[in-house]
Amino acid sequence: MYKIHKGIGKDGRWPTRPVCSDVTSIPHALGKWVTEMLLPIAKDQPSYFKDSFVLKALLDKLILPPNARLFTADATSMYTNIKTEAALQEIGTFITEHQAEYPHLDAEAVIAALHLVFKNNIFALGDTYWRQTS
């Protein structure tokens, strides 16, 4: 199964990507646990909003001067463009430095789990197996 991700590209083709469920994969449960551990940190960030409905509600309340301009941006291939080693380093540093603010968090365990999840994204496509490397 493939998902049409965006509109027609510059080459005139519809960009697609395989739809790969990982719910039965070994790292899935560990990834869910990592999400539970990191979500309180994410929610504390000033840039956090839960979803597009919350963003819309925030924008509806926004009072702007008549000459104000709003801009939007779009990201492409976000997950595959994450520099895995740099991300692991940054997240690990943040968790370690802020562990006292999040007593539910075992920094060493979360960092180890992140390494396992980031480096072991393996999925089946047809009769082949693939490991995402970036």
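A residue is called exposed when its relative accessible area is over 50%, and buried when that area is under 20%. The legends below use both words for a predicted model.

**Figure 1. The whole chain in order.** The predicted chain contains four helices and four strands. Read from the N terminus, the elements follow the order β-β-α-α-α-α-β-β. Of the 134 residues in the chain, 14% are buried. The chain exposes about 10,900 Å², and carbon and sulfur atoms supply 61% of this area. Among contacts between residues at least 6 apart in sequence, 48% join residues at least 24 apart.

Figure 2. Helix α3 has 14 residues. The distance from its first C-alpha to its last is 20 Å, close to the 20 Å expected at 1.5 Å a residue. Its buried residues are Thr84, Ala87, Leu88, Gly92 and Ile95. These residues cover an arc of only 125° around the axis, which puts them on the same side of α3. An α-helix has 3.6 residues a turn, so residues three or four places apart point the same way. The buried residues of α3 pack against α1 and α4. What does the face of α3 turned away from its buried side carry? That face carries the exposed residues Gln89, Glu90 and Glu97.

**Figure 3. Helix α4 and its buried face.** Helix α4 covers residues 107-119, which is 13 residues. At 1.5 Å a residue the helix should span 18 Å, and its end C-alpha atoms are 18 Å apart, which agrees. Which residues of α4 are buried? They are Ala107, Val110, Ala113, Leu114, Val117 and Phe118. Seen down the axis of α4, the buried residues fall within an arc of 130°, so they line one face of the helix. They pack against α1 (26-43) and α3 (84-97).

**Figure 4. The largest nonpolar core.** This core has 13 residues. Those that touch the most other members are Ile41, Ile95, Leu105, Val110, Leu114 and Phe118. Helices α1, α3 and α4 each supply at least two residues of the core. The largest share, five residues, comes from α4. In soluble globular proteins, nonpolar side chains tend to be buried together.

Figure 5. Methionine 37 is found in helix α1. Is methionine 37 buried or exposed? Its relative accessible area is 12%, and the limit for a buried residue is under 20%, so methionine 37 is buried. Methionine 37 and valine 110 are 73 residues apart in sequence, but their C-alpha atoms are 7.4 Å apart in space. Leaving out residues up to four places away in sequence, methionine 37 touches His104, Leu105 and Val110. With the neighbours in sequence left out in this way, valine 110 touches Trp33, Met37, Leu38, Ile95 and Leu105.

Figure 6. Strand β3 is made of residues 122-125 and strand β4 of residues 128-131. The two strands pair in the antiparallel sense over four bridges. Which residue in β4 stands opposite phenylalanine 123? Tryptophan 130 does. Two residues lie between the strands of the hairpin, where glycine 126 takes a positive phi near 65°.

Definitions and conventions. Residues numbered from 1 in each chain as written. Predicted model: local features only at pLDDT ≥ 70, side-chain atom pairs only at ≥ 80, totals over all residues. Heavy atoms only, no water. Buried < 20%, exposed > 50% of the residue type's maximum accessible area, 1.4 Å probe, protein only. Contact = heavy atoms within 4.5 Å. Areas by Shrake-Rupley, 256 points an atom, 1.4 Å probe, with all protein chains shown as cover. Expected span 1.5 Å × (residues − 1). Arc of directions from axis to C-beta. Pairing = 2+ DSSP bridges. Core = buried A, V, L, I, M, F, W, Y, C linked by side-chain atoms within 4.5 Å.
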